[in-house]
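Have a look at the fold first.

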Amino acid sequence: PSWPLVILFSHMASLTLDDKLDMSLDDARLAESGTKSRPNRSEDKLSKMANPNLITNGRLYVGNLSFDTSWQDLKDHMRQCGEVIHADILMYPGTNRSKGCGVVQFATAHEAVRAIDQLNNSLLHDRPIFIREDRVANTGARRSRSSDSHSTSVYIGNLPYSYSWQDLKDLCKTCGEVSHADVILDSSQRSRGFGIVQFASRIDAEHAVQQLNGADINGRPIFVRFDSFA
């Protein structure tokens, strides 16, 4: 029973002064206890993923989606972890074919962190999805594409609080084909006075910006612009 201690003390005695000076105080204590000093990389990675400071805008990338998953399916799934302001399925330019991935905008960074913690590898349409921070959005690259010729998403603000998604869709139908419309709700399911509309084409979206910006809706002048998060 005493042999391990003898070997350990012999090992410590064999260390040169330079060896000991090269070791940090914590490493020296670990060495004396016979424990190697190695960082737990998996725990470090997990702590970084769960750090709200790394997800400053509450925006997440969701991959491995079924090609049949719609923006509404994605939004409903992610709502388990907080208030979802916007969810979108990324499409191949000029088509309605899903790329099998999407982006989700939460109201807060903490809700986004909760989604990574609780929904990463969860099943959506029988596929284990993976979730991470939206790195493109964090670098600003996706925002720079908001004026890109392929952008078809429009933000509409100052809406009457009584406006539903159907009212918004009917309003925008006057400008072209609407793929989906959503009025953003708060945690009490009351309208926050703005919404997002996805048009089938860039031309239809441009018509909406040109024709509806400043329009009077129930005594309120609405403002319409391309969605900066699209």
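Tyr61 stands opposite Val103 in S3. The strands S1 (residues 59-63) and S3 (residues 98-106) pair in the antiparallel sense over 4 bridges; strands count as paired if DSSP finds at least two bridges between them. Helices (H or I, at least four residues) and strands (E, at least two) are DSSP runs, numbered from the N terminus. This is a predicted model, in which local features need pLDDT of at least 70 and side-chain atom pairs count only at pLDDT 80 or more, while totals for chains, interfaces and linings use all residues. Residues are numbered from 1 along each chain as its sequence is written, and side-chain values use heavy atoms, leaving out hydrogens and water.

Now for the whole sheet. Its 4 strands follow the order S2-S3-S1-S6, forming an open sheet with antiparallel pairing. Strands S2 (84-91) and S6 (130-133) are at the edges with a single partner strand each, so one side of each has no neighbour in the sheet.

Angles run from 0 to 180 degrees between N-to-C directions, with axes fitted to C-alpha atoms, for helices over the stretch in contact.

| Helix | Strands | Angle |
|---|---|---|
| H5 (residues 71-78) | touches S1, S2, S3 and S6 | about 140° with S2 |
| H6 (residues 109-119) | lies across S1, S3 and S6 | about 150° to S6 |

What about the cysteines? A disulfide is a pair of cysteine sulfur atoms within 2.5 Å, and the count here is 0 disulfides. The sulfur of Cys175 has its closest cysteine sulfur in Cys172, at 6.3 Å, which is too far for a bond. Cys175 is buried (under 20% relative accessible area; exposed is over 50%, partly exposed in between, using a 1.4 Å probe and protein chains only), with a value of 6%. Cys101 is buried at 8% relative accessibility.

Notes:
Contact means heavy atoms within 4.5 Å.
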